[in-house]
Amino acid sequence: MNNATLSLIEHQFLIEGMTCGSCVGRLEKALKAVAGVQKVSVNLATERATVNAVPSTLATNLVAAVQTAGYSVGREPGAQSGASPARNQGEPWWPVALAGVMSLPLVLPMLARIVGGDWTINGWLQLALATPVQFWLGARFYRAGWRAVRAGAGNMDLLVALGTSAGYGLSLFLLLKHSAHGTPHLYFEVSAVIITLVLLGKWIESRAKRQTTAAIAALNALKPEVARVRMPYGDVDVAIAQVKVGDTVVIRPGERIPVDGVITIGSSQVDESLITGESLPVTKYAGDKVTGGAVNAEGLLLVGTTAVGAESALSRIVRMVESAQAKKAPIQRIVDRVSAVFVPVVLLIAVLTLLGWGLATDNWEQAILNAVAVIVIACPCALGLATPTAIMVGTGVAARQGILIKDAEALEIAYRIDTVAFDKTGTLTEGKPMLVAAVAAPGHDDHLLSWSAAIQAGSEHPLARAVMNAAEQAGLAVLFSAKVSAVPGRGMSAEVQGRSLRLGSARYMQELGVDTSAQKEEALQLQDDGRTVSWLADMTDSPALVGMLAFGDSPKASAINAIQSLRALGIHTVMVTGDNVGSALAVGSVLGIDHIEAEVMPVDKAAIVNRLKDGGRLVAMVGDGINDAPALASADVGIAMSTGTDVAMHAAGITIMRSDPALVADAIDISRRTYRKIRQNLFWAFAYNAIGIPLAAAGLLNPVVAATAMALSSVSVVVNALLLRGWKRQACTQSRALGIKAE
């Protein structure tokens, strides 16, 4: 990434007036022509444009380009994508209802003919009913179509305006020519019903599209508007915007936590399900972090504020999901190129249909109707919606499971992943050592753990915390220790209960002259299993062994489920760790990892990922530390655990919101199902036009039927994407055997 890219500013704003995939291509072309613009992405489903430009690019120039292209901006774009723009409220229902009421009388004679009836409505009455539908309720098509013509392009509105105008014009001509001889056969119902059906389709489509943003709506609903802040004179309710970092916020049982912060007083069960996807409440104590939007289930909490507003974790999550939904998948770029030439090609086919039928049969009425059918059925709206709607739903489903997908490209690539490389510590294992064995020398069964805990009581070393946790679980009181000192590179020394004690490595014991041969064989076995061994000696009278302590980093409870789920998806697993071979093999064999790379330096992790890629594999890297960032960036898809560092999350395309490696398989499964929906939608969108246009040109498709099919095509694409909302984790055999509850 060069400096020019780093200095780009992102503008995001809503676009009003887009109706199909052709609009997307035209608008992107107009915005790219603005000086300083480096990258443009316009999304039909979210009705949003994202522009990356140099800082000197004026927002007013972008607005002018949008307006010149025939569209309008929903709000003035800010300099950066801070607060997300509010979405529009969708299509109003009343134009659809009014158009239906006025079109129904026009359709009744046609319906009567189907059942053998033969009656007509006065031609002038038909004109009176059809005209408001055509030029008032259908005015939107003329306005948008005219803007497209002025911009030198075409769109769905132009097709609808031309097709219905042709039907209306033909009917008006016949009425004026033959009305003196009775009511001629007219086609006002064709134009009126087409407009009604298109309006109905847009209304249904608008309602369905709003459901695709359900994840964003649910996340935004988590933001409380008021916080209770503790002041010197008492607790005061203030607007959330007035809360400052450092304020102490009071959260009562049952209330939603309004800010990110650290618990200063109290403990409680906290429900973070809508943020992390974790189904069970999490116990929080003083010193633990809490996230704004979570629900305090039980106790009274006092929380010191660390982040509010746009800097809170919830706001960052919302921005990340919105960004993923707004950005364009690589496959959509192909669709946009097709849509850009689609309207001119359709108009050419319609002209050829008109001339061909008219010259061949001399029945210009039928020729016009066939041309109208071609124009009406060839709406490229389904093509424009096929990809973004599926991506919106897929990223929303992932967010509800605690999986944040940064961009559509990561989602599209993830479905092809065949290899997942895991960091070990903190990703597959708990990341904190535990005391797994305490083997006392004869006569010291009551001393080994209590004396070790006394020596370690004041230390923050991970091994010391493991000893203290083990002593606490055993119910041992911490003994008083004196003259505690660290021996660099060796261990520690202290006096406990009048005994002069030493705790440290085998090398330290050897230097002190302590005989460890009685437990040497057992110690070697533990070390072969990847355990770290420390020794305790009593130096009071003469060097005497008290016993040894063995430490290990245990696999996470969900790690076996994670590997089994990936195997069920046909994915090869690799563990890349800096730990020794024994430790790596111990964890890898328990989890069932396919391939293990041990004693890997941090700088070499990226090289291993690149080697896998060079071997023809599509690789996802999963990690949580700063040392994992290069490998995350090198992988085809980087997956970071949010319990790790910010550096790792910035380098990754996907972030797992809780410390559960099983979500890696979920992310890939959601990606596969989303891409399957994209392919289904594109197939039906292309197939619909490939079948419908020739039938219409051949005179085998009534314009009213064509309008119905056109409206249904767009709606069906959105509804098919919405089926993704029913995604559920697939429980594997291994998880059931272990008694793990699949979500």
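# Report on selected structural features

K483 is exposed, with a relative accessible area of 64%. The model described here is a predicted one. K483 has its place in strand β17 (residues 481-487), and its phi lies near 55 degrees, which is a positive value in a residue other than glycine. A positive phi is also found at Q497, again near 55 degrees and again in a residue other than glycine. Q497 belongs to the loop between β18 (491-496) and β19 (499-504). With a relative accessible area of 54%, Q497 is exposed, because the class begins over 50%.

## Overall composition

The protein has 743 residues, of which 52% count as buried. Its secondary structure comes to 27 helices and 26 strands. Among contacts with a separation of 6 or more, 69% are made by residues 24 or more positions apart. The protein exposes about 32,300 Å², and carbon and sulfur atoms supply 58% of that area.

Strands of a sheet pair through backbone hydrogen bonds, in either the parallel or the antiparallel sense.

The loop between β15 (419-423) and β16 (434-440) contains T427. T427 is buried, with a relative accessible area of 0%. Not counting residues up to four places away in sequence, T427 touches F422, K556, V622, G623, D624, M641 and P661.

## The β5-β6 hairpin

Strand β5 (residues 226-231) and strand β6 (residues 234-239) run antiparallel and are joined by six bridges. The hairpin connects β5 to β6 through two residues. Across this pairing, R228 stands opposite D237 in β6.

## Helix α13

Helix α13 (residues 364-377) has 14 residues and reaches 20 Å from its first C-alpha to its last, close to the 20 Å expected at 1.5 Å a residue. Of its 14 residues, 10 are buried, so α13 is largely enclosed by the rest of the structure. The buried positions of α13 are A367, L369, N370, A371, V372, A373, V374, I375, V376 and I377. In an α-helix there are 3.6 residues a turn, so residues three or four places apart point the same way.

## Aromatic pairs

The structure holds five aromatic pairs. In one of them, the rings of W94 and W136 have centres 6.1 Å apart and planes at 40 degrees, so this pair is tilted. The pair links distant parts of the chain, since W94 is in helix α4 (residues 94-114) and W136 in helix α5 (residues 123-137), 42 residues apart. At 42% relative accessibility, W94 counts as partly exposed.

A further pair is formed by F135 and Y142, whose ring centres are 5.7 Å apart; their planes stand at 25 degrees, so the pair is stacked. This classification follows because planes under 30 degrees apart count as stacked. Ring pairs also link F135, Y142 and Y168 into a cluster.

## Accessibility of the named residues

The table collects the relative accessible areas of the individual residues discussed above.

| Residue | Relative accessible area | Class |
|---|---|---|
| K483 | 64% | exposed |
| Q497 | 54% | exposed |
| F135 | 43% | partly exposed |
| W94 | 42% | partly exposed |
| Y142 | 27% | partly exposed |
| T427 | 0% | buried |

How values were computed: Residues are numbered from 1 along each chain as its sequence is written. This is a predicted model: local features need pLDDT of at least 70, side-chain atom pairs count only at pLDDT 80 or more; totals for chains, interfaces and linings use all residues. Side-chain values use heavy atoms; hydrogens and water are left out. Rings of Phe, Tyr and Trp (its six-membered ring) pair if their centres lie within 6.5 Å; planes under 30 degrees apart count as stacked, over 60 as edge-to-face and the rest as tilted. Helices (H or I, at least four residues) and strands (E, at least two) are DSSP runs, numbered from the N terminus. Buried means under 20% relative accessible area, exposed over 50%, partly exposed in between (1.4 Å probe, protein chains only). The expected span of a helix is 1.5 Å times one less than its number of residues. Two strands pair if DSSP finds at least two bridges between them. Contact means heavy atoms within 4.5 Å. Accessible areas come from the Shrake-Rupley method with a 1.4 Å probe; for residues, only the protein chains shown count as cover.
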